[in-house]
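Hello,

Here is the structure for you to look over. My notes follow below it.

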Amino acid sequence: MRKRSPNADHSSWQSAIKEYIAANPDQPTKPRDIARAFDIEPGEYPAFRAAIREMLDSGTLALGRGRRLVISAAAATLTGKFRATRQGYAFLELGQPPDLFIPPGDVGDARDGDTVLVRVRRSERRPGESVAQVVRVIERAPLRWIGVLERAGERWRVRPRGKTTPDFVEILDPTAKAARAGDMVVVEPVENRFDPTRPRGVITERLGPATQTESLIRAVLRQYDIEEGFPSEVIEAARAAARTFDPQADDNREVLTDLLTFTIDPPDARDFDDAISLEELPGGSIRLGVHVADVAHFVREGEALDLEARKRATSVYFPGFVVPMLPEVLSNGVCSLQPGEPRLTRSVFITYDRQAGITHTRFSNSVIRSTTRLTYQQADAELHSRQPTLEPAVMHSLRAADDLARRIRQRRIRNGMITLNLPEVEIRLDDRGRPCDAGPADASFPHTIIEMFMVEANEAVSAFLHAHGLPHLRRVHPLPVTDPAISLRQLTTLLGSRPPRALNREYVLGVLQSVAGKPEEHAASFILLRALAQAVYSPTVQEHFALASEHYCHFTSPIRRYPDLTIHRQMDDLLRRGAAARGRRKKPHAEEVHEDLVALARHCSAMERRAQSASRDVIQGLLIELLRERIGETFDGIITSVTSYGAFVQIQPMLAEGLISLDDFGDDIWLFDDERSIMVGRRKGRVVALGQ
């Protein structure tokens, strides 16, 4: 354990307390409330209180109404990433939601991606919310644009991608890098000083024709600064780790190579994190085994492989392409649970009674040999076939998995689990890698089988770590900290009643039940999704709202998620040390937990959001390419949102969403009813509303 002076410890606490109060203005902020949010042990509470007293004495904090802690006006500053929008306002990105809103007049000369210092204050328009004002730019982000090269008369220009860029950048040398009209290119400014009124640039990289999927993916990778390749030292470290693989080297592992295990994954999956097993026990009980690749055996903390994986934090997935967190010699090699190959795993065994209630859990380091690899579509076809083609033992286990997953799902729904009906879009590529079709991704029940089993394993592991007093990276899903009624008003038209001012589980479940099976179900789910907070990583003991889970973490995908890898290391430590050693282990100071785990949680949350945004951008770009070929055709669509300037419609079945401008509504005088979020034609009485 690293030693620190009391001042250094207090300083780290003060930074955490200040950021928590600024980012959570509507949460309870008495010392005991914040201590519970940080999971502070009773023995550590005096040092925590001492840090708060120092902040009060120094004027950093003050006591507000009800003796709540508030940040004093003179000290209300934070540092974060500046995220601009075309509309003029911006957000301060703190590493995990909620981001702080920066009004249009308070952005200063900050540009997207800059690291800025802001002053936090209460919003004048929205009581209870905080907003920020840029004080100064601490560090400029590298300025470059990615877009399509095109000719405009005698001049050449690039129309940049993204929401925060200028409309056009003038190109002085269009032939640089052998670029041609219609190519996707990377452009950097010519001048050292950026002129937003007439940006001029030079082509630094040609990515390929804009119509090619590969060019679009490369453009998005450059736009989000996602590294595709690995440094040579990381690749060599991965090869060295793979060469040392010996499934028989560890006598302390439970050998499960004779246990029937199988994987269920998408047809194009290349790495297999998890396998499952089902064992029927006397008395009608059943034991589920979730066996997860032991990536921690190969990726040692603090070494080159680990540092690169930590930096990336997650794999990034695109149609037909993936940027892995780990080199493929591991992710698609010795770590992947390929059928017929012995693999190192960490196993979670959960025993259920006839009602799918949990009666016992057990954890072990293990070795398995996956019996069969199934795809979701294959598993679904076999379950519905009168003459299945799988081996009888595998088929028996698959049916047992189907039955158990259905009972687990029923139990979790009874306990308040929230499930939104929001199909994901799947882009289908032709032999040349170009988009040829799009529609809802496969959502057959085998997806739910794996989802339920992984949720159960993740929950069991988090509860196990919590029971042993180990702070860890949890997966939390908090209630929204702002008034959700603003985004929920559109549900008034669907439900015939106003939503509550505070979002709660009973209301969400009631809405979903009332629209189940109706045409407006998708629109209602979409509105609820936007109203709910985003799930993030955090060491704070906090409920996962959607899963109705008290303790939850990510454990089942260490090949593609770094938080899972940290959980595996803690599990390995517990399993190898034994109960006696665990009791003697000295617990780290709460200050260390804040400094290390909170920082890691923010980083992993931010990298996850970056990966999600990049994937969405590629899908949107490919959908645009598909629709470009179908201009003039007619589609059915569902209205997902109504605003004062038009309506957003999702085209069926492609699931592409776009805006129908008010100018295209038809010949009438259209009036927006802000109270009900509908548009009404004054002359003809026509109504445009959510769910139509």
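Predicted model: local features only at pLDDT ≥ 70, side-chain atom pairs only at ≥ 80, totals over all residues.

Strands pair if DSSP finds at least two bridges between them. Helices (H or I, at least four residues) and strands (E, at least two) are DSSP runs, numbered from the N terminus.

Residues are numbered from 1 along each chain as its sequence is written, and side-chain values use heavy atoms, leaving out hydrogens and water.

Strands E8 (residues 145-152) and E9 (residues 155-160) pair in the antiparallel sense over six bridges. Arginine 151 stands opposite tryptophan 156 in E9.

**Two helices**

Helices H9 (residues 392-414) and H10 (residues 445-467) cross at roughly 65 degrees, and their axes come within 9 Å. Axes are lines fitted to C-alpha atoms, for helices over the stretch in contact (heavy atoms within 4.5 Å). Angles run from 0 to 180 degrees between N-to-C directions. H9 residues including Ala401, Leu404 and Arg409 meet H10 residues including Phe445, Met452 and Glu456.

**The whole chain**

The chain holds 16 helices and 31 strands. Of its 692 residues, 50% count as buried (under 20% relative accessible area, 1.4 Å probe, protein chains only).

Best wishes
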